[in-house]
Amino acid sequence: MLASWLDGWIMGLGLIVAIGAQNAYVLQQGVRGRHPWMVASVCTLCDVGLTALGVFGVASALQAWPEATRMLGWAAAALLLLLAGQALWRAVFLRQGLHPLAAPAGSRLATLFATLAVSLLNPHVYLDTVAMLGAIGATRPSPLGFAIGAACASAVWFFSLVAGARRFATTLASARSWRWIDGAIGVVLLVIAIRLLHG
């Protein structure tokens, strides 16, 4: 279970730590102190729910069609290679950092709806979290361990982002910092893809 948990942790971080609207929104809430802990909680819960849907939904499907496990592993490896290539490309050519979004102050309820929107209305979240994590997690020795690892990665990332927003906003806004981050992510995703291809 520990190995599956570690796979989930690494994959969860690899997919969630990237420049995007959700991370920029969470950073903005953290920098400006606008219900940041609620925002981090909602983002984490959304990730946990989508990951569980993907992992256990795919796992159930594989019980009915176990022959698909190998093909699913190949498909997941192909997507990982694509994501690794994108991360490595950003590491070489990226010229932007993570900047807080400009947004007006809002009530707790308005912030809740905005957080749900930025977390669930992006179609890429379903490819990354439901399809990608689901396909990989369902083929791990312990799908539950994988899902818990991915959930822990989401929680650590979002809560760390709001906790350190004011202190690390300048670092996160640096393109050079994100080139190092993307380089590390690309290498890790590449290693996981190779592991999947070798069974």
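**Entry 1: helix 1**

I began with helix 1, residues 2-16, whose 15 residues reach 21 Å from the first C-alpha to the last, close to the 21 Å expected at 1.5 Å a residue. The expected span is 1.5 Å times one less than the number of residues. I took helices as DSSP runs (H or I, at least four residues), numbered from the N terminus. The model is a predicted one, in which local features need pLDDT of at least 70 and side-chain atom pairs count only at pLDDT 80 or more, while totals for chains, interfaces and linings use all residues. Residues are numbered from 1 along each chain as its sequence is written, and side-chain values use heavy atoms, with hydrogens and water left out.

I then listed the buried residues of helix 1, which are Ser4, Asp7, Gly8, Met11, Gly12, Gly14, Leu15 and Ile16. Buried means under 20% relative accessible area, exposed over 50%, and partly exposed in between (1.4 Å probe, protein chains only).

**Entry 2: helix 7**

Helix 7 covers residues 143-163; I noted 21 residues and a reach of 30 Å between its first and last C-alpha, close to the expected 30 Å. Its buried residues include Phe146, Trp157, Phe158, Leu161 and Val162. Gly145, Gly149 and Ser154 are also among them.

**Entry 3: Gln22**

I located Gln22 in helix 2, residues 21-32. Gln22 counts as buried because its relative accessibility is 16%. Its side chain makes a polar contact with the side chain of Ser119 at 3.0 Å. For such a contact I required a pair of N or O atoms within 3.5 Å; within protein, one must be able to donate a hydrogen and the other to accept it, and residues adjacent in sequence count only if both atoms are side-chain atoms. Leaving aside neighbours within four places in sequence, Gln22 is in contact (heavy atoms within 4.5 Å) with Cys43, Val118, Ser119 and Phe158. Phe158 is also one of the buried residues of helix 7.

**Entry 4: His35**

I found His35 in the loop between helix 2 and helix 3. His35 is partly exposed, because its relative accessible area is 22%. A polar atom of the His35 side chain lies 3.5 Å from the backbone nitrogen of Arg108. The C-alpha atoms of His35 and Ser107 are separated by 8.8 Å, although these residues are 72 apart along the chain.

**Entry 5: Trp65**

Last, I placed Trp65 in the loop between helix 3 (36-64) and helix 4. Trp65 counts as partly exposed because its relative accessibility is 49%.

Notes. Helices (H or I, at least four residues) and strands (E, at least two) are DSSP runs, numbered from the N terminus.
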